Amino acid sequence: MEKLFKLKENGTTVRTEIMAGLTTFMTMAYIIALNPNLLTGFGAEGQNLWNGVFLATCIASALAMFVMAFAANKPFALAPGMGLNSFFAIVVTNIVALTGMTYLASFQAALVIILLEGIIFVLLSLLNIREKIVEAIPLGVRLGIAPAIGLMLMNIGLGSNAGVYSETGGPFFVMRDFFGALTPAVAQSSMGSGYTAMVLNVVTMFVGLFVIVLLAKKGVKGAVLLGMLCASVLYWAGSFAVLGQNPFASLSGASFLPPFADMMETTFFKFNFQGFLQLGGFTIVTLIITFCMIDMFDTIGTLVGTASRAGMVDEEGNMPNMKEALLADAIGTVAGACTGTSTVTTFVESASGVEAGGRTGLTALTTGILFLACVFIAPIAAIIPAAATSAALIYVGVLMVMGLKNVDFGDMDQMVPVALMLIAMPVSSSIGHAIGLGLISYTVIKVFSGKAREVSALTYIISVLFLVKFFLVA
């Protein structure tokens, strides 16, 4: 282990790395079920396709994390990206409307787009072009990425209570429907029978958060993981005592046999090139460019932001082995296309593992092994309540916001792009779009304040591409 991951050099141990990998897994395990739900209309397109996407999610994520572990030796986890998977589902629906093909045939045509995107990223990574793009991001913008991601994590953690529904609708939102209500009576009337479940989620979330904070202040190793476990136990007890529900009911009769036959039938190397060509040249090029830009800057933002928090960057904000880290998500995207899922990208939830002490590829390897194991134990992963993972995300988000201390608040060239990213990232839920807005504002300010020469040529190009993306192909 020492020879592979250089644990002593990075000031960590095998135990710390494994605990960090487990922490990362618990905060992002939701993607294992959510990704196939989103890509198949929550099972509306057939159980066979759902099973195929489920296995593809586990396998492609694991392969990408193994590359991250052994090639880059970084603690970052990868999986099909949120936002990108929703966009993929919309593209598939549009292909159905455009060509008249079935959803499955359209899905297989859209996989060709993901395959081409992945191949392009592999080539760009090998040629160091993606690394050059990272270096082109001005230092001021880079300093704002981590705090902006922190606000986005807090927004996710304090956002939707997934699964809390009632006769009045749902899902409900903590900050709007609970804390935003004028009185408990108003909240209860608007939430109906879902009010009790909402209260349980809120209590679980904040108990987990404060347990993590108190343990962290005492220097307890694995504070994030222990806090999540305490929150989970509280939620399970509350489900029995207050809601009258069995939180382990999903384990009864659950199948632990991987549905490989369904994946082979629906998604495994099932590329519909004929259907893909029916889209036309302009549509194909537009879709590929859109997927590439969103994925590229989501990955860059996550890597730079999380690495900054972990102290893995130099004075200029550059991270060692960036090329290999970028290559991991490129290979993961190709693997995802071949097995049957949307773009694989670096997950912002990796920050939870980094905060738990993860510093090397052993963290990513641990998370990858757990993802691979989920082809057998998915029902067990599903019993971790969303409120428990929310506690970890809020805590990590708060820590990442602390990075604002590195921003020069007296320099408008820095502060304006950072301020825009701080609001854009949680509102848009897109790291890439927020970085694009930050780069555009930085470029405009420099040009019109007579400092155009301080902006690199590549920054100009990226800013123009984002302008095109926002106003012409949005």
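Which helix does valine 468 lie in? Valine 468 is in helix H22, residues 457-471, where a helix is a DSSP run (H or I) of at least four residues, numbered from the N terminus.

Hi everyone! A quick word on what we have here: this is a predicted model, where local features need pLDDT of at least 70, side-chain atom pairs count only at pLDDT 80 or more, and totals for chains, interfaces and linings use all residues. Residues are numbered from 1 along each chain as its sequence is written, and side-chain values use heavy atoms, leaving out hydrogens and water.

Back to valine 468. It counts as partly exposed because its relative accessibility is 36%; buried means under 20% relative accessible area, exposed over 50%, and partly exposed in between, with a 1.4 Å probe and protein chains only.

Now let's visit valine 14, in helix H2, residues 14-28. Valine 14 is partly exposed too, at 34%. Setting aside residues up to four places away in sequence, valine 14 touches Met1, Leu7 and Leu362, a contact being heavy atoms within 4.5 Å. From valine 14 to methionine 1 we count 13 residues in sequence and 7.7 Å in space, C-alpha to C-alpha.

Next, phenylalanine 88. Beyond its neighbours within four places in sequence, its contacts include Leu39, Phe107 and Phe291.

Finally, the cysteines. How many disulfides does a search of the whole structure find? The search finds 0, a disulfide being a pair of cysteine sulfur atoms within 2.5 Å. Take cysteine 292: its sulfur is 16 Å from the closest cysteine sulfur, in cysteine 338, so that is too far for a bond. Cysteine 292 is buried, at 12% relative accessibility, while cysteine 230 is partly exposed at 39%.

Key: Helices (H or I, at least four residues) and strands (E, at least two) are DSSP runs, numbered from the N terminus.
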